[in-house]
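Let's take a walk through this protein chain, starting with the big picture and then zooming in on a couple of spots.

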Amino acid sequence: MAGIIRIDSNTPFEGLSYEVVQPKLESIIKKLDEFSSPQEESYSIAFLLTPPAHNPGVGAKRIPVYSAIQKVFFDAHGIAIPANDISEFIRYIEDDLRDTSILSVFKTDRKVEEVILLGSTLTYVLTKNKRIGGDADGSWDCAFCTQAYLSPPRKVDGTNPTKIMTSKITCFAHNDRAGQASCNSRSWQGLIGELRSASAADEKVTTLLLGFAAYHLAEIAYAKSEIYPVEIITYTPDVEDPGQSIVRLKSISDSVADDISETLRIHSPARRLKEILLGDKVSEPNWNLVSNINFSEDDQEVILTFLQIHEVSGEDIFEFQASNPDPEYQYCYLVPGSAQGTTKQLSRRAFAIDALSEHAELIKMLERPHLECMDSHESYVTDSAFEQLDSSKKDVFKRIQNTLPLYLVQGPPGVGKTHLVTALVRQAFESEPSSRLLLTAQSHSTVQHLYKEVKNAVDAQGKASPLIVSCIKEASGDDEKDAITHLDDLAREYLLSLTNSDAFRDTPVNITKDKIQELCRDGNRSMRFSFMGQLLRSANLVFTTTNSRQIEDLIRTRSQCDWSIMEETGKVTGIELLSPLLLSYRRLMIGDHKQLPPYATEQMRQTLRDLNRLRGALEVSTEIYNSQIKGEFIKEMFTSEKIRDITAEHLSEISTEALRLHLLFESFVNEEISVAKKSFEYYGSSDFHRPIASMLSIQHRMHPDIADLISFTFYEEKLKTYREKEIEYLSSPRPFYFEGNCKVTKKLNSAAIVWIEIPDIQASRGVKSKEEKPTWNNSLERKVLIKALTRLRAAPGEKLPKLALLSPYAVQVKYLERDIERGAGDLKNLQCFSKPDDLSTFCKTVDSFQGAEADLVAVSLVRNNSESYSLGALGFLLDSRRMNVLLSRAKHQLVIIGSYEFISCWSQKIKEEEIQKGNTNNEFLVRLVEKLESQKKTGKMVTIQYEQVMNLTKIS
């Protein structure tokens, strides 16, 4: 016997440790022993060999074993075995099992387990023997067989766990009691138990991969729903710009697009297109005109710029400008300009799923993180970076260092997660100067911040500088090109350094010199791609976004890092985290599932929960023929036939797993809480539990009164303020103030939390305080805010204080920005304030402001109505994650403009109608009001009536 045995299915990703190799060697030795040892004992089977009362139907696959033997015997010899010649039946079975006999366990389409023994011609179904033993369910001491398959079941496809039978198998007729009694046979129980365990593990692994795949296909279905069928009305030259064309389009009905919308339960394509073009969510005006709905590229790319919309004879006509001639497509579809980027992202995620399917270690870790957890047995150096950490970070730092292969850190607002990362990076290079670390985040701005802080920390070590590569988009334009600007600059720097070296000058080969100098030229970026790839693979530190092309390149070249450190993991989906997870066997996930979730989370989770919608999304994906966005695993596992064959029970299992993997960080944190609780209940102590997650519990950003509000409302009072920071806030003046000596300005200058009260629309008459259309905006709240801003002044100092004006609603933000521009003459004082994080405006939605901060944050809540149910009344204000971000951005002062009475009223209703009945989904709002009431009593929160603000006179 010779050959090669692969250690595991994911080589070369698999780390070849003693724990991996030793069980494999034991398994090989065991099999060799089975081949070489004489088999004194055998396994036995009793067969029911009497003619059936009814002949099996034509085409039946699973039939009585008597009938099966007769059929194959007749096909082979042209005669039947006499019904009373039992010895001939037994002889046939023993011959059938002599050369080939394989034991397997599988589940039928109805999820019923079957134990089968595959022979050369027939597949025998084995059950417990109820004719022997005292167990009413029967015994596996001698198996019983009444049925057989003429060919192996379809579900036995090579992926099921199997056992090649090398022991002798003794066969009896079911009524041969003497033969069965004289046989010294082994029980089948042990073999079947091993196969069941292997089957359960394989099924779990498969479900994990199918969960990722199902979520990915749902994303593809939604991406396809954003391809809008249109008809070209006119395509004429632009009179004002002869090099351009004016294109007029209208929405049309399309059966495929309409079916997708119906399947996903979203509005029709025509309605959604109009809402996008007229709405405030349009981030850029560029669109593409394509000829298909399957993500296939056209030979001629037609780029359109949206101009305006007209209504002609009751129809909406969309007007665009194009630089291309009429493509004369037979069918036309309008897709957002961002669709190309979406296709790239989908392709990268499909590639990551394919890579995961071959990575056994990561599959096990994702499925059972606590089971795979182990001690690293590493020591750490208490350098200056470590000593500067607060006590919470020091404790978490030690846990991270001591734990493999995964650790999670929950980072509430203001805890300084970057300081922890820089300390870990310094530690890695202190222990091993040649370490390779990958640092990722969802947004370019977060990666840029990480890059600056970590680079400064590494440079401060004063040792040999590691090779640092930054793949970050720093400007608008093509995402891919901008992301590699730094990498290209680094490549040119190395090449230019080479041209200035003695080795270059002494080289006699001019052709080589010419090629190197050609590579150095600024316009020859494409010629440097190969060298850039080498730098990327050699770098000690790589900074990039979670789903960048550079990470895909590293996976393709089978690169590995010592650490994969992932930031913002609460904001991204599990499938987005796959790529950085694949690149290291040591992983750190940092995030906060109590802040903003991934984009369109609720819409996606509704689809994954609803089995009909999920099945529909899977079916939609089969009609897409772009293989790159699917990948090999999905193409194999989700054919039209296989999707039809998925039972409701199996689809429910896939749905559950997809939901778990969708919010992977949150799922892992919740599993940690559950396991810790179970361990404590079992042992009566937490000493026996090895955690894989911790929360940083000391914040440095917010005034302690604001931090107390956030801690009580969202973090079970576990978030504390750093003592030195608390003293600083309570003893130092703010970098801004509200000018004046009246009661209103005194209140504005007093507490860290100020609520400007707008009357509750339900309790007030004659006051126009309610929200307005277009949804959602509130003009009174804007007027009050702008009036308050007229009194705002910056205190003398080296830095301009930062100001942010936030709202949950984009329409309110847009109108607020407009109103500030209109009132610029009265708001010249704002020139003394800086915009947060170099943004172009003071006004932002909460969704665009996570991770940012300002010295003063003013919030417009907008909602104020007479709706009778909580979601209709409060909308985004019922989203605890948005509210957490909204209220935690302020450093010195938080000013809230809205109806406190309206919020308090709903808080009481939720307490009585939801929480007391066991529904705690909106409990945070009750806690918020409870804490505000407490702070109001102690003067830590003050309220001001809106009329008092509006009556403030102008100060010249």
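## The whole chain

Helices (H or I, at least four residues) and strands (E, at least two) are DSSP runs, numbered from the N terminus. By that count, the protein chain has 37 helices and 34 strands. Keep in mind that this is a predicted model, where local features need pLDDT of at least 70, side-chain atom pairs count only at pLDDT 80 or more, and totals for chains, interfaces and linings use all residues. Residues are numbered from 1 along each chain as its sequence is written, and side-chain values use heavy atoms, with hydrogens and water left out.

The C-alpha atoms fill a box of roughly 115 × 80 × 75 Å, taken along the principal axes. Of the 956 residues, 50% are buried, where buried means under 20% relative accessible area, exposed over 50%, and partly exposed in between (1.4 Å probe, protein chains only).

## Inside: His-216

Is His-216 buried or exposed? His-216 sits in helix α5 (residues 189-225), and with a relative accessible area of 0% it counts as buried.

So who are its neighbours? Contact means heavy atoms within 4.5 Å. Skipping residues within four places in sequence, His-216 touches Leu-346, Arg-349, Ala-350, Ile-353, Ile-575, Ile-629 and Ile-634.

## Further out: Glu-619

Now for Glu-619, which belongs to helix α23 (residues 611-622). Glu-619 is partly exposed, because its relative accessible area is 37%.
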